[in-house]
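Q: I am new to this structure and would like to learn how to read it. Could you walk me through it, feature by feature?

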Amino acid sequence: MDEQNLSTDHVRLAVIQQLEGLRRAGVTHWKRIDPIEPSKSVVTPQAPTQKSVPQAPTGNLTEKSSSTTVSAVAANIDSQSRRPFELESSPLAKKKIAPLPIIPNQFQPLDLPLADRIAGLAALAERVKSCTRCQELASTRTQTVFGVGNPEAKIVFVGEAPGADEDAQGEPFVGRAGQLLNDIIKACRIRREDLYICNVLRCRPPGNRLPAPDEAANCREFLDGQLAHVNPEYIVCWGACAAQNLLGSTETIGKLRRQFFTYGRAKVLCTYHPAYLMRNPAAKKDVWEDMKMLFLDMGIDLTAKTK
Ligand code: SF4
C-alpha cells in the first residue's frame, strides 16, 4: 500500500464519518447535482470545506424527487472500502501505522447567553428523559443521567456511562469513582460546580457493560448538544470509551494521553477513568501529570505553592 492509497484511505474514512455525523444530526437527503459534461464545465471542482457542509435539514435537502440519501452516499463509499471501526483489518493496521485522529462529528458552538444555555440544556434533558432509541437501556434504566454543572463551564468532563450509583441518583460520577474524581478536582483547586460533567451515554448499560457502538451513536446527538450549549474551551475524556468515541479513534487511552486534540473549538485531553485508578492506583500519578498539562495550557501551574 503506497502513500497515495493510505491518504485515500483516510479521506474515505473522514467522508464516511462526516456523513454519519450529518445523518445523526437529522440530515437525511441532499440535493442531487447532475454531472456536468466536461465541455460545459466552467468551475474547477473544489474539495468540500467544513463551512460548506450543510448543518441542518432545510429546503432541497429533504426533497426526495431530486435528492439522494446521506445513508446511500455513505453506503456507496462504504461498499468501496470498510467501515471506519474496522480499522483493525485495514491496510493501516497491517502496516502498523496509527490512524490519524478522525473527528466524527464536530459540535457547533452556540455561544449563547446564560439564560439560553440553561433553557437549551433543559429542553435537551426533557428529550433525553423520554428517549427510547436504545431499547435495552431504556427498558432497564431507573432514570436517565443527563449531566450536571455550570452551563458556562470552561471545562467539560466526559465519562463513559452511568453506573449503578449514577442510575440511582440521576447524576454522573457519583459513588466511589465519583468520589475519586472529586478528589482530583479538589487537587486541581477548582470546584465540581465550576465544571460541566456528562457521559457518552445517558442511560446505564445493564451490568455496567461497555456502551455498544450503536448506543454511543444513538446518544451522540445529546452529547454534542450539551457541548454546543456549554461551548467549553477544554474537554477532558475520562477513560478509553469517552476518548475513543469523542475522537473517533481506536487508539488505546495510553496512546491518546499527553497530547491535545481538537473537537469543535475545544481542546481535548484524554486520561484514565477514575474507576481504572481504583484498580490501578499507580496510574494516579499519570492522571496528575495530565491535569498539570491541562491547567498549564490554561496558564495555571498546579505545582505552584498556594498562599
Ligand atoms: S443512551 Fe442515550 S440514546 Fe440511548 S436510550 Fe438513553 S438517552 Fe436515548
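A: Gladly! Keep in mind that this is a predicted model. Let us begin with a helix: α9, residues 240-247, lies across β4 (155-159), β6, β7 and β8. Its direction is at about 130 degrees to β6.

Q: Which strands make up the open sheet, and in what order?

A: The general idea is that strands of a sheet pair through backbone hydrogen bonds, either parallel or antiparallel. Here, six strands form an open sheet in the order β3-β5-β4-β6-β8-β7, and the pairing is mixed. At the edges are β3 (148-149) and β7 (261-263), each of which pairs on one side only.

Q: In what sense do β6 and β8 pair, parallel or antiparallel?

A: Strand β6, residues 234-238, pairs with strand β8, residues 266-271, in the parallel sense, over five bridges. To find one of these places in the model, look at Tyr234, whose bridge partner in β8 is Lys267.

Q: Back to the helix, please. Is Ala242 buried or exposed?

A: To judge this, count the C-beta atoms around a residue; 20 or more others within 10 Å make it buried. Ala242, which lies in helix α9, has 28 C-beta neighbours inside 10 Å and therefore counts as buried.

Q: Which residues is Ala242 in contact with, beyond its neighbours within four places in sequence?

A: With those neighbours left aside, the contacts of Ala242 are Val158, Gly159, Glu160, Val200 and Cys237. Another pair to look at is Ala242 and Asn199: they are 43 residues apart along the chain, while their C-alpha atoms are separated by 7.5 Å.

Q: What does the chain look like as a whole?

A: The chain's secondary structure comes to 12 helices and eight strands. Of the 307 residues in the chain, 34% are buried. Contacts can also be sorted by separation in sequence: among those between residues at least 6 apart, 77% join residues at least 24 apart.

Q: How many residues surround the ligand, and which are the closest?

A: The ligand is surrounded by 15 residues, and the closest are Cys131, Cys134, Cys203, Asn218 and Cys219. Two elements give two or more residues to this shell, α5 (135-140) and α8 (213-230). The largest share, four residues, comes from α8.

Q: What kinds of residues form the shell around the ligand?

A: A shell can be sorted by residue type. This one divides into nine nonpolar, three polar and three charged residues.

Key
Residues numbered from 1 in each chain as written. Predicted model: local features only at pLDDT ≥ 70, side-chain atom pairs only at ≥ 80, totals over all residues. Near = placed C-beta within 6 Å. Nonpolar A, V, L, I, M, F, W, Y, C, P; charged D, E, K, R; others polar. Buried ≥ 20, exposed ≤ 12 C-beta atoms within 10 Å, placed from the backbone. Contact = placed C-beta atoms within 7 Å. Pairing = 2+ DSSP bridges. Axes fitted to C-alpha atoms, helices over the stretch in contact; angles between N-to-C directions.
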